[in-house]
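The following note sets out points for a colleague who is examining the model. Each point takes up one part of the structure.

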Amino acid sequence: MDFLRPARWEEALAAKAEHPAAVPIAGGTDVMVEINFDHRRPSHLLDLTRVTELYTWQDAGDRVRLGAAVPYARVIERLAGELPGLALAARTVGSPQIRNRGSVGGNLGAASPAGDSHPALLAAGAEVEAESVRGTRLIPVEEFYTGVKRNALAPDELIRAVHVRKATGPQQFSKVGTRNAMVIAVCAFALALHPDTRTVRTGIGSAAPTPVRARTAEDFLNAALAEARCWDTGAPVPPAVAAEFARLASAACRPIDDVRGSAAYRRHAVGVMARRTLAWAWEQHTTGEGTARCA
Amino acid sequence: MRPTRTDLTQQSTRGGIGASTLRPDGGLKVTGEFAYASDLWHEDMLWGHTLRSPHAHARIVSLDTAEALATPGVHAVLTHADLPAATRYGLEVQDAPVLADGVVRHHGEPVALVAADHPETARRAAAKIKAVYEQLPVVTDEKSATAPGAPLLHPARADKHAPHVPHPNVVHCQPVVRGDVEAARARAHAVVTGDYEVGMQDQAFLGPESGLAVPAEDGGVDLYIATQWLHADLRQIAPVLGLPEDKVRMTLSGVGGAFGGREDLSMQAHACLLALRTGRPVKMVYNRFESFFGHVHRHPARLHYEHGADRDGGLLFVRCRIVLDGGAYTSSSPSVVGNAASLAVGPYACDNVDVEALALYTNNPPCGAMRGFGAVQACFAYEAQMDRLAAELGLDPVEFRRRNAVSQGSVMPTGQVIDAPAPVAELLRRVKALPLPPERQWETAGGSADLRALPGGVSNTSHGEGVVRGVGYAVGIKNVGFSEGFDDYSTARVRLESVAGEPVATVRTAMAEVGQGGVTVHAQIARTELGVAEVTLQPADTRMGSAGSTSASRQTYVTGGAIKAACEAVRERVLELGRAKFGTYHPAWATAELLLEGGKIVTDGGEVLAGLADVLDGEEPVEAERVWRHRPTEPFDLRSGQGQGHVQYSFAAHRAVVEVDTELGLVKVVELACAQDVGKALNPLSVVGQIHGATTQGLGLAVMEEIAVDPATGLVRNPSFTDYLIPTVLDTPAMPVDILELADAHAPYGLRGVGEAPTLSATPAVVAAVRQATGLPLRRVPLRPEHLTGTDVPA
């Protein structure tokens, strides 16, 4: 196995073009586990830790351009204001050590349906900045996940950053695991209110072959909130609307039975999380107050 | 200045028994500097690797090692055909192949060994061994194991249990029968019947199996190893190597936890075989994945219970059948069966009992010793039954238990009279009397929710929605020491000498320190008995006589007893020396009872006769070795289960307080309060540590810890810490501990083995609390969110 250590982004792109099978590595929280267990034996490892720009983020108007290697710990500490949903999700990732090394870019590269970032990115609205020696493209995150642990990157492309829409309203993230910390998601649900467009977006994790939005549930809720003039009045979401939203979120799941949980449980739990996160977000929206704290 | 009596007493108790002296290895372990067996290193050493079976039951059609052996860097490849001497080993029955002998009987069974100059080379070479298997049908439960025509795991078995078992796939079967259950049932006012199931728990010790074998010039081998009992390993390894025991010299290395999982051999014989074959030191270290295949687990169990009581809440009868899954090889299954059978009724007086416990041979992973050893499974079931029976009678569950609790003088179902304190009712009273933690602790002053106090934790699943509190109680009974007639002894050598004018004691045993704290209490015993401040514990190795196993809550009792006895012998000799040297100076030498305290020889009246150093100066070190046994036990009768089978009983009670997210099925254990009788707390801090550890391990079984085995294939589905979950600090509740010290007159200092009893009661207490919160019957552990939300996979 060859170990490539580009010092600059352009060198990284050139290396990836020359060795399309090279596996990029930054925090190593996924890749090293696979290598240590011999599940993966790439011909080349492409170490990105010297490309310091990947560890930075920029304010880009209505978005945050988040470098691919920014660790979760930075997202929690520094970006909870602009990206509250992603910060909540980052808080549930592994242990403090993992959060110090793992990154959203890595989560996207691995494209595991259980990755904690994905539901939050889907709900907030995000685009993946993919680049190769051929050029740069922005891939809407909905289109980025193409299958279990597969993504839309071309063999010569690397993730440089992810552009996440700044929150214009409350965002929530909820994850079920079978222990109270340091656990891989049995399933997860993210919800973001976008008062600017009077829409609600969602993301479901670990309950389908890829992370998905519950689009039917979103459409129903957006229409129902408009019809009930909730955005205008700030009235609570009618219970029947919340219940139907939860039911449709459940129906958006295509889960499997595995050692972490049953398909039936995942469907059920996504419905419960959909109802609860909607209630929390809507309450925050109408009262301007949060309902939980972590530390 | 002449010290006063008070000074002496203070000095003598400093660091002696009853003091919370700190672990000598504590700082090193906390800072990461402690050398575990996985840190062993030797110049020029090779790395061993094990090829394991990918199938649960298969015939090995062919095994071609040529390509592996031809790999550069590879020094040896061994299969069954290369074994030099005995090919099987085992703790109780020698039925486990050193390397598979044409058939593999469980997933992960060792098939071949590789030694190479780099661990990665060894691993890659192992992958080049061409093993061709023909899969065989698997048996994975009682039904498939005893079905007509079921494949027999050991068709030619000739062990001592073979003649009395109902089926060749039953390892051992132990009834316990007393009174007349049918007659009692006829007059019962309330009867409850239930089926229960306990999943396969793993010891999940943090330091994986590891050791270093160094070939010696005399043709023998030196093995540095993390284990629980050096001499039991030696007894099994030497025949495999074809060497006399004195040519296999074993030294204990740093052990990172055990909990029963190091009682059976793992890589010991393998590393020695590779070292002797290559003439080079060989190190073997399992990774976490391999560790799940490298040691036995806790027996999963299915239990059927029927309890009956009279109108006044008196327990009339208990009938039960306990089926333990022993997996492919015997390990310690027979002893686990004996425990499950003899402790099946729990700490309750009951005159009419009909118990049957048995263990199966299946193609599941082998199961053997784990903290609680057969008593854990039974306790989960009988405590659930006691709650249901109380509810049936309209009685408070604690009051119902107290009414039926055993006490000193009670007769166990085996006929054994409990001849030491058995404060079961008092333990229950104490945990119940503790103040309950405040309700809704997640609510903060600002009106928001503190996620850390809620089920789901920072995963943000509830801010209080759906959360219901439950409180549950349980109590358990565990035997201490090896039972059923086992010759359970320990050996200790103690030396006392003057070093630079100070008396110094040296204690030597072959006790395996696995984290339990023997290194603390054994030095404390020497301080108390010899009145010295300086005590050195020597490393454990097989040049010393056996200390017995570090298991069954026995090392403080048995090796502690041996050290105490050796100290007493040393003390007698020191007093003789003193009399010879100074006897003429003071009449008390001849007339008073003399003690060693604070580095002095004093009379029982407190008068100092001489400094220990003065007595020892110019003399040879005073040394004594003693072999010490607890009082004997006897086997249980094979038909009636009657017999004086156990040495000592220990008891612990728990109260669990849980918050359950009833919609998502997530559990937060808020508090697990424990009351335990420890006879005498030799080191109160260590006692609390043992109780906290055991309680947490019981909590793990209640809500998360299970090795998932596919019933269709016998394959392990979650051999990693990603999917085999153990409690984190956020899962670990407040654990108030109330310690009782009612002396057992038969034990050194009156002590009672501590480390296991709380593992029993923690699990059923948590589940009882979850039952109260949810109203669900919950007959299986570990609980899963599916069980609490009706979303389980249909069976």
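How many residues of chain B are in contact with chain A, and how many of chain A with chain B? The points below begin with that matter and refer throughout to a predicted model.

1. The interface. On chain B, 37 residues are in contact with 34 residues of chain A. Three elements of chain B give two or more residues each to this side: strand S20 (449-450), strand S30 (666-677) and helix H20 (785-789). H20(B) supplies the largest share, 3 residues. By class, the side of chain B that touches chain A holds 13 nonpolar, 14 polar and 10 charged residues.

2. A helix pair in chain B. Two packed helices are described by the angle between their axes and the distance between the axes. For helix H12 (residues 397-404) and helix H13 (residues 424-433) of chain B, the axes come within 9 Å and cross at roughly 160°. H12(B) is therefore roughly antiparallel to H13(B), an angle over 145 degrees being the criterion. The crossing of H12(B) and H13(B) is left-handed.

3. A sheet in chain A. An open sheet of 5 strands runs in the order S4-S5-S10-S6-S7 in chain A, with antiparallel pairing. Strand S4 (57-60) and strand S7 (135-140) of chain A each have a single partner strand, so they stand at the edges and one side of each lacks a neighbour in the sheet. On average, neighbouring strands of this sheet are turned by 20° against each other, direction ignored.

4. Details of the sheet. Strand S5 (residues 63-67) and strand S10 (residues 158-165) of chain A pair in the antiparallel sense over 5 bridges. A:Arg63 has A:Arg165 in S10(A) as its bridge partner. Helix H7 (residues 117-124) of chain A packs on the sheet, where it touches strand S6 (126-132) and S10 of chain A. The direction of H7 makes about 50° with that of S10(A).

5. Overall form of chain A. Chain A contains 12 helices and 14 strands. Its C-alpha trace spans about 60 × 45 × 35 Å along the principal axes. Why may the radius of gyration of chain A be said to agree with a compact globule? With 295 residues, such a globule would have a radius of gyration near 19 Å, and chain A has 19 Å.

Key:
Residues are numbered from 1 along each chain as its sequence is written. Chains are lettered from A and ligands numbered from 1 in the order in which they are written. This is a predicted model: local features need pLDDT of at least 70, side-chain atom pairs count only at pLDDT 80 or more; totals for chains, interfaces and linings use all residues. Two residues are in contact if their C-beta atoms, placed from the backbone, lie within 7 Å. Helices (H or I, at least four residues) and strands (E, at least two) are DSSP runs, numbered from the N terminus. Ala, Val, Leu, Ile, Met, Phe, Trp, Tyr, Cys and Pro count as nonpolar, Asp, Glu, Lys and Arg as charged, and the others, Gly among them, as polar. Axes are lines fitted to C-alpha atoms, for helices over the stretch in contact, and angles run from 0 to 180 degrees between N-to-C directions. Angles under 35 degrees count as roughly parallel, over 145 as roughly antiparallel, 65 to 115 as roughly perpendicular and the rest as oblique. A crossing is left-handed if the near helix is turned anticlockwise from the far one by less than a right angle, and right-handed if clockwise. Two strands pair if DSSP finds at least two bridges between them. The radius of gyration is taken over C-alpha atoms; the globule rule is 2.2 Å times the number of residues to the power 0.38.
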